[in-house]
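Hi everyone, thanks for coming. Please bring the model up on your screens and we'll walk through it together.

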Amino acid sequence: MKAFVKYLLVQFKMDVREKGTLLTYYIIPLVFYLVMGAVFSSINPATKETLAASMTIFAITMGAVLGLPGPIVKIREAGVLRAYRVNGIPNGAVLLVQGVSAFLHLLLVSIMIFLSAPLLFSAGLPGNYGAYFIVLLVFIFTSIALGLIIGVIANGQGIATMLSQAVFLPSLLLSGIMFPASMLPGFLRSVGAVFPATQAMHSFTGIAFNVSHGCDGNLALIIMALIGTIVLCIAIWRFAAIGSDA
Amino acid sequence: MAGAEVLVKGLVKKYGNLTAVNEISFAVQKGEVFGLLGPNGAGKTTTLECLEAIRKPDNGQMRIAGYDPHTDVRDIRKKLGVQLQSSSLPDSMRTDEAMALVCAWHGRGMRLDLLIRFGLEASLKKQYHTLSTGQRRRLHLALALAHDPEVIILDEPTAGLDVQGRAQLHDAIRELKTSGVTVLLATHDMAEAEALCDRLAILIQGKIAVIGTPAQVTATGSSDTRILIRTLNGILLPGYDIGSARFIRESEGYGEWVSSDAAASLTEILRKVQLAGDVVEDLRVQRPSLEERFLELIKGGC
């Protein structure tokens, strides 16, 4: 446990030193939040109600899906995993530390948005704080699971970028964080339902902000947790296989 | 082979239809520096990776300090240190962080002494991507020694190093030997193998072509000794066979002969010079080198 905590601390510090990680975890999401927060709240004041949730979904999706896979691919390809392994650091710990470190960064950026949105943009506060943070934690978990599996299965940075974009862009456009999902055609709404960002939006609005959009927030939370658990299990299984004869 | 610190018996490793390592066996005694030599693709790294449990062998037995690398993984990690041929650390990881991390996973306190020993004290706060090749190699060696292993595997540790870096690493390997650590060293550098190894094996196409001390390995090839002589008046040139010495070539005033009976040939050559009233300016007698034996083996295909 001591070794794991040590590794986590080192990883967290390394993340802060990495410009790429800083950009995808903090700088771009926060700049986007500041700009879009101002735009949304002036164009459509109704969006203020769930602004913290929608901007949090954006930040987490960006950090986990665009920021996490690259370093994992690099760890695999550059021989870092082999170096760790021969020095006694198991593959499982490497994957877990990457995930937990990303979790902490994304939790931090989420809290920044949650605390500043009401002050900066008069954003609405959740009716149920407990539900808000449960949805937040489950969404971070599921998004990280997605980021991990992309990093584990992608053969090269190019493929990782492509897979990340294939998840990120539909999450952005179909989940209802940029504009109400009710404006989308039925087909696209169905496609959007497979993305955790959509389920997160349903959960936040349904059980944290108590705004009814005709979706069951609890069901969305369960679906999101299931997606995360299944995806994480596959990622762990695939990552363990990397070390078996590689 | 009984009581060997490292034991490899009938090791086979295939990649599809290619047999990279074919029934090789060797044993390394405690405190010995054992070299694995061979051209690219000979199976050196594959053999070492099977020992490091990075690759699973198709057949054969292996033991390191009495443990099977593939079934006794936890025990092996306590006994074995590894410096891989190609490995890396995260770009933004600092030297001291790398050591602290590896020490933590071995349940040890920080080994600052190792970083100092390998000349990295000025680079403690440097990030990995800013280290030179030599510094990286020394860092990986220091990490491999963090838990005071009984056996260390070094896969081409001096590749890409300058002369100074190479000398430092050679000194480190000698120190390890002195402290009783068993060293398995894969290298392309014949001079390095000759200088450091107690025994060595030359691998060709996945098989051990020859094994023994550097002197024994050298002696298994052509036993001809080379005699080079330059005289004041060049009385021996243009060259010709003298007794059992066969004339090879003339170069820069030197005549060059090879002989299987160096003493007799040398006596005969010097007698000819003396009888002709000439004076020897330079005389060189060269035994066949390990490199020559190595090239001979590669040429013969084993």
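Some housekeeping before that. This is a predicted model, so to speak: local features need pLDDT of at least 70, side-chain atom pairs count only at pLDDT 80 or more, and totals for chains, interfaces and linings use all residues. Residues are numbered from 1 along each chain as its sequence is written, chains are lettered from A and ligands numbered from 1 in the order in which they are written, and side-chain values use heavy atoms, with hydrogens and water left out.

Let's begin inside. By nonpolar core I mean a set of buried Ala, Val, Leu, Ile, Met, Phe, Trp, Tyr and Cys residues joined through side-chain atoms within 4.5 Å. Buried is under 20% relative accessible area, exposed is over 50%, and partly exposed is in between, with a 1.4 Å probe and protein chains only. The largest such core has 123 residues, and those with the most contacts inside it include A:Tyr84, A:Phe204 and B:Ile152. Which helix gives the most to this core? That is α7 of chain A, residues 129-153, with 14 residues; helices here are DSSP runs of H or I, at least four residues, and strands are E runs of at least two, numbered from the N terminus. Apart from this core lies another, of 29 residues, with B:Val6 and B:Leu84 among them.

A:Phe204 deserves a click. Counting contact as heavy atoms within 4.5 Å, and setting aside residues up to four places away in sequence, A:Phe204 touches A:Ala53, A:Ile57, A:Tyr132, A:Val135, A:Leu136 and A:Phe209.

Two more residues to look at. B:Ser87 sits in the loop between β5 (80-83) and α3 (95-105) of chain B. Is it buried or exposed? B:Ser87 counts as buried because its relative accessible area is 18%. Beyond its neighbours within four places in sequence, its contacts include A:Ala78, A:Gly79 and A:Ala83 from chain A, plus B:Tyr128 and B:His140.

A:Gly63, in helix α3 (residues 51-67) of chain A, is buried too, at 0% relative accessible area. With neighbours within four places left aside, A:Gly63 contacts A:Thr24, A:Tyr25, A:Leu68 and A:Leu106.

Finally, cysteines. With a disulfide taken as a pair of cysteine sulfur atoms within 2.5 Å, the count over all chains is zero. B:Cys197 is buried at 6%, while A:Cys233 is partly exposed at 47% relative accessibility.
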